[in-house]
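Here are my notes on the model you sent over.

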Amino acid sequence: MNPITNIKNQNRMNERELSLGYAGDLKKSWHQTYKDSAWIYIGGLSYALSEGDVIAVFSQYGEVMNINLIRDKDTGKSKGFAFLCYKDQRSTILAVDNFNGISLHKRMIRVDHVEEYKVPKYKEDADDETKRLWEEGCAPKPVMREAAPMEVQEQRIKKAKEVLLDIGDVDEELLKKIKKDKKKAKKEKKREKKRAKKIRKLEKKAARDPDGDWNNKAKLIDKVVAEDDLYGENKHFDFGKKKEVEEVKHNPRPDFEKADWRDIEIWKVIREREKAEKAARGETSEAWGPEDHYVSKRYQGR
């Protein structure tokens with residue numbers, strides 16, 4: 001059959017699948033027949049294209065593992081068709097659907113699945129590059145990195161530490177502090193793990209026997225409920241615990257017996273400024289006096 005007719009028939013099958021809604025469903029698609037083969041056939045290639053050119057074009061839909069560009073035995077020139085293998089079989093579907101019927105180097109190419117690819121016979125007169133392709137393929141080789149022995153690595157670390165200490169970038173006291181902090185964090189983590197384990201045990205006991213021993217329930221409450229939630233912010237329940245005192249943001253009245261004379265003068269200036277602002281707003285600037293609120297009027301002589 002004419003290659004162009006094959007291209008048209010293949011495109012018609014794809015259009016029919018789209019109209020029936022089978023596109024993307026591999027179980028109903030015609031691509032399912034070739035699910036066990038990662039090889040594709042490429043026909044109608046330009047004679048000027050090499051293996052590298054074909055790989056450069058077709059690698060945009062997957063990693064190419066092998067290629068067999070058919071060449072003339074005597075001259076070594078390309079015959080215009082090739083077989084290409086992908087790493088992932090799903091890449092063949094993308095290549096067939098997208099590359100079939102396109103124009104490449106001013107020639108229409110045909111791309112189709114290969115159900116059973118036959119490996120070419122080994123020939124002694126083939127050149128070294130072709131033999132290497134047959135044996136190894138064209139996939140990129142993994143970069144193997146050999147790790148140095150543990151003794152060599154320890155020596156490198158020791159030298160690096162010595163250099164740092166000589167330069168003065170790292171202090172011995174600082175290193176000790178870092179180690180101490182790490183140990184502390186590790187202990188805290190272990191303590192938290194134990195606490196979580198105890199809570200889980202107590203919760204299981206409480207779930208099994210809701211009307212059980214009160215001691216277990218009390219332990220569970222002590223573990224789960226925070227002291228602030230249980231007692232509130234009452235100072236009587238602090239039990240001598242040290243708490244961070246918030247810094248006062250307003251201007252407090254200084255203790256005239258202990259304060260420095262500068263603080264007293266600053267406080268007086270700020271107080272006068274506050275009085276002036278209150279007077280401007282029409283508010284009273286008189287200081288609060290205990291006799292106005294707590295002493296009875298008949299004792300005030302009014």
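1. To start with a side chain you can find quickly: is D88 buried, partly exposed or exposed? D88 counts as partly exposed, because its relative accessibility is 30% (buried means under 20% relative accessible area, exposed over 50%, partly exposed in between, with a 1.4 Å probe and protein chains only). D88 forms a salt bridge with R90, the closest N and O atoms being 2.8 Å apart (a salt bridge is a side-chain nitrogen of Lys or Arg within 4 Å of a carboxyl oxygen of Asp or Glu). R90 itself counts as exposed, at 55% relative accessibility.

2. Some ground rules. This is a predicted model, where local features need pLDDT of at least 70 and side-chain atom pairs count only at pLDDT 80 or more, while totals for chains, interfaces and linings use all residues. Residues are numbered from 1 along each chain as its sequence is written, and side-chain values use heavy atoms, with hydrogens and water left out.

3. The overall picture: the protein chain has ten helices and six strands (DSSP runs numbered from the N terminus, helices being H or I of at least four residues and strands E of at least two). Of its 302 residues, 21% count as buried.

4. Have a look at strand β3, residues 78-86, where seven of the nine residues are buried. Strand β1 (residues 39-43) pairs with β3 in the antiparallel sense over five bridges (strands pair if DSSP finds at least two bridges between them), and I42 stands opposite A82 there. Strand β2 (residues 64-71) also runs antiparallel to β3, joined by six bridges, with I67 opposite L84. In the hairpin of β2 and β3, six residues lie between the strands, and G76 takes a positive phi near 80°.

5. Next, the packing. The largest nonpolar core has 21 residues, and I40, L45, F58 and L84 touch the most other members (such a core is a set of buried Ala, Val, Leu, Ile, Met, Phe, Trp, Tyr and Cys residues joined through side-chain atoms within 4.5 Å). At least two residues each come from β1, α2 (51-58), β2, β3 and α3 (90-99). Apart from this core lies another, of six residues, among them A38, I70, F83 and V114. Not counting residues up to four places away in sequence, I40 touches a list that includes F58, L84, V96 and V111 (contact means heavy atoms within 4.5 Å).

6. H31 deserves a click. H31 is found in the loop between α1 (3-20) and β1, and counts as buried because its relative accessibility is 3%. Its side chain makes a polar contact with the side chain of D97 at 3.0 Å (a pair of N or O atoms within 3.5 Å; within protein, one must be able to donate a hydrogen and the other to accept it, and residues adjacent in sequence count only if both atoms are side-chain atoms). Beyond neighbours within four places in sequence, H31 is also in contact with residues including N14 and H113.

7. Back to charges: the whole structure has seven salt bridges. One of them joins E51 and R71, with the closest N and O atoms 3.0 Å apart. This pair links distant parts of the chain, since E51 is in helix α2 and R71 in strand β2, 20 residues apart. E51 counts as buried at 19% relative accessibility, whereas R71 is partly exposed at 33%.

8. Finally, K177 and D181 meet in a salt bridge (3.5 Å, N to O). Both lie in helix α6 (residues 172-208), four residues apart, about one turn of the helix.
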